Amino acid sequence: MRKDFRITRRRWLGAGAALGAGLTACKNSAPVPEAGPSQLGKPVSAYGERSPFETAARMLPDSHYLTESDSFTPLQDSSGILTPSALHYERHHAGVPQIDPARHRLLIHGMVDRPLMFTMDDIRRLPSVSRILFVECSGNSGFEWGGGLLPDIPHNTAQSHGLVSCSEWTGVPLAVLLAETGLQKQAKWLMAEGADACKMQRSLPVEKADDMLVAWGQNGEALRPEQGYPLRLIVPGWEGNVNIKWLRRIMAADQPYMGREETSKYTDLMPDGTARMFTFVMEAKSLITFPSGGQKLAGPGFYEITGLAWSGRGIIERVEVSTDGGRNWRDTGLQEPRLPMAFTRFRLPWTWDGGESVLQSRCTDETGYVQPSREALLALRGRNSGYHFNGIKAWKVMADRSVVSA
Ligand SMILES: Nc1nc2c(c(=O)[nH]1)N[C@H]1C(S)=C(S)[C@@H](COP(=O)(O)O)O[C@H]1N2
Ligand SMILES: [Mo]
């Protein structure tokens with residue numbers, strides 16, 4: 001494990017000395033601290049709640065045309081690699097329907113040998129698997145194109161890049177369902193459709209079917225309504241849009257459906273006026289979550305720079321961080337487990353000298369693909385795009401201890 005992170009004693013002692021200045025010294029005989037008078041605790045509860053002192057929340061942007069149809073995960077408040085279900089980002093094209101699982105059905109038809117209708121009970125009887133996977137909206141960070149589809153989202157915080165989350169999803173491999181229905185030879189595409197008012201429809205090549213999940217579980221319980229309760233498609237590593245929520249139909253066909261979401265939307269307009277279609281894979285991307293825009297450092301001294309990296313093509317192999325605007329890069333420690341198409345947490349000890357510092361992270365995935373700079377991405381793709389921005393993000397630590405987008 002080349003990048004396994006073990007903080008060496010020497011490295012830590014060095015950091016400790018720098019941190020020491022910021023800690024409160026006390027005698028060995030100091031009184032044991034008490035946060036307040038001791039109190040009789042609350043009794044047990046049927047369904048837990050977080051501490052009232054914790055305030056991390058999804059951001060509900062009010063300043064752009066997507067009002068009320070998407071919310072952003074507070075990545076700056078995250079620890080580890082899992083997103084709590086209550087903080088999973090949301091993207092709804094017609095709101096969150098309330099669906100009674102007893103009445104929900106999944107129809108698989110079209111170019112299959114035996115069209116079948118599944119109840120939720122049918123689906124839960126079948127062999128299931130659990131996988132930790134990120135889901136990212138292809139519009140995430142879209143404002144970084146500068147003039148693309150999403151110009152008005154406030155983009156000065158890590159949270160404004162939070163149309164991405166990572167959960168443990170439990171469900172039946174789509175291949176299990178297709179084994180029941182059979183798939184005719186000429187079937188090349190699967191059109192998946194949601195039960196929400198917009199009937200969200202996307203076409204997927206059958207080759208990916210082996211990797212897809214028809215998911216009913218999220219982080220150890222049923223899917224949240226916002227995530228598609230009672231049933232959604234999970235398409236590992238591919239753009240969020242194809243992860244059809246409230247899944248009610250899969251139709252096998254010999255060609256793509258060419259619905260609204262794959263013609264007028266979710267295509268990438270190139271500088272020469274042509275458009276890329278079916279750009280499914282979310283390329284490798286990373287983001288420093290601390291220190292990040294909107295935060296304020298306590299003062300010079302020791303900090304752990306940390307963040308998240310992910311790739312739709314597999315495992316994250318390397319994350320480098322620069323603290324001097326891209327002149328020098330250092331390898332960070334990658335926390336295990338590093339799972340394919342899941343968040344990977346990176347960490348780097350850092351001593352801030354109190355001066356201006358530009359922080360950037362750059363990841364490499366198992367295919368050798370290196371996260372590009374914003375400039376490289378713009379040179380290739382132009383400014384007409386709104387989707388699939390995965391360029392390097394810079395934060396600037398100012399001498400007044402504030403952190404801003406750079
Ligand atoms: N039925 C249905 N599925 C849908 C959507 C929708 O509006 N309706 N939104 C899509 C988009 S654009 C994204 S990015 C993801 C968002 O999933 P989440 O809300 O669970 O984060 O779901 C996709 N699946
Ligand atoms: Mo999306």
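Me: Is Gly-171 buried or exposed in this model, and what is its relative accessible area?

Reply: Buried means under 20% relative accessible area, exposed over 50%, and partly exposed in between, with a 1.4 Å probe and protein chains only. Gly-171 has a relative accessible area of 0%, and so counts as buried. Please keep in mind that this is a predicted model, in which local features need pLDDT of at least 70 and side-chain atom pairs count only at pLDDT 80 or more, while totals for chains, interfaces and linings use all residues. Residues are numbered from 1 along each chain as its sequence is written, chains are lettered from A and ligands numbered from 1 in the order in which they are written, and side-chain values use heavy atoms, with hydrogens and water left out.

Me: Where does Gly-171 lie, and which residues does Gly-171 touch?

Reply: Helices (H or I, at least four residues) and strands (E, at least two) are DSSP runs numbered from the N terminus, and Gly-171 belongs to strand E6, residues 164–173. Contact means heavy atoms within 4.5 Å; leaving aside residues up to four places away in sequence, Gly-171 touches Pro-127, Ser-128, Val-129, Leu-213, Val-214, Ala-215 and Trp-216.

Me: How should I read a salt bridge, and which residue does Arg-58 meet in one?

Reply: Side chains of opposite charge can pair when their charged atoms come close. The rule asks for a side-chain nitrogen of Lys or Arg within 4 Å of a carboxyl oxygen of Asp or Glu, and the structure holds 22 salt bridges. In one of them the side chain of Arg-58 meets that of Glu-90, at 3.1 Å from N to O. Arg-58 lies in the loop between helix H1 (9–20) and strand E1 (70–71), and Glu-90 in strand E2 (residues 90–91), so the pair ties together parts that are 32 residues apart in sequence. Both Arg-58 and Glu-90 are buried.

Me: Which strands make up the open sheet of 4 strands, and in what order?

Reply: Two strands pair if DSSP finds at least two bridges between them. Here the order is E15-E16-E20-E19, with antiparallel pairing. Strand E15 (285–290) and strand E19 (333–334) stand at the edges with a single partner strand each, so one side of each is left without a neighbour in the sheet. E19 pairs with strand E20 (residues 344–352) over 2 bridges, and Gly-333 has Arg-347 in E20 as its bridge partner.

Me: Which residue meets Arg-347 in a salt bridge?

Reply: The side chain of Arg-347 meets that of Glu-304, at 2.9 Å from N to O. This pair links distant parts of the chain, with Arg-347 in strand E20 and Glu-304 in strand E16 (residues 301–310), 43 residues apart. Glu-304 is partly exposed, with a relative accessible area of 29%.

Me: How much area is buried between domain 1 and domain 2?

Reply: Domain bounds come from an automatic or database domain assignment, which gives domain 1 (63–276) and domain 2 (285–405). The contact takes 43 residues from domain 1 and 37 residues from domain 2. Buried area is the accessible area (1.4 Å probe) that two parts lose on being put together, summed over both; between these domains the value is about 3400 Å², of which carbon and sulfur atoms give 59%. Ile-81, Glu-144 and Trp-145 supply 24% of the area that domain 1 buries against domain 2, more than any other three residues. Across this interface the rule finds 3 salt bridges. Glu-144 also forms a salt bridge with Arg-374, the closest N and O atoms being 3.8 Å apart.
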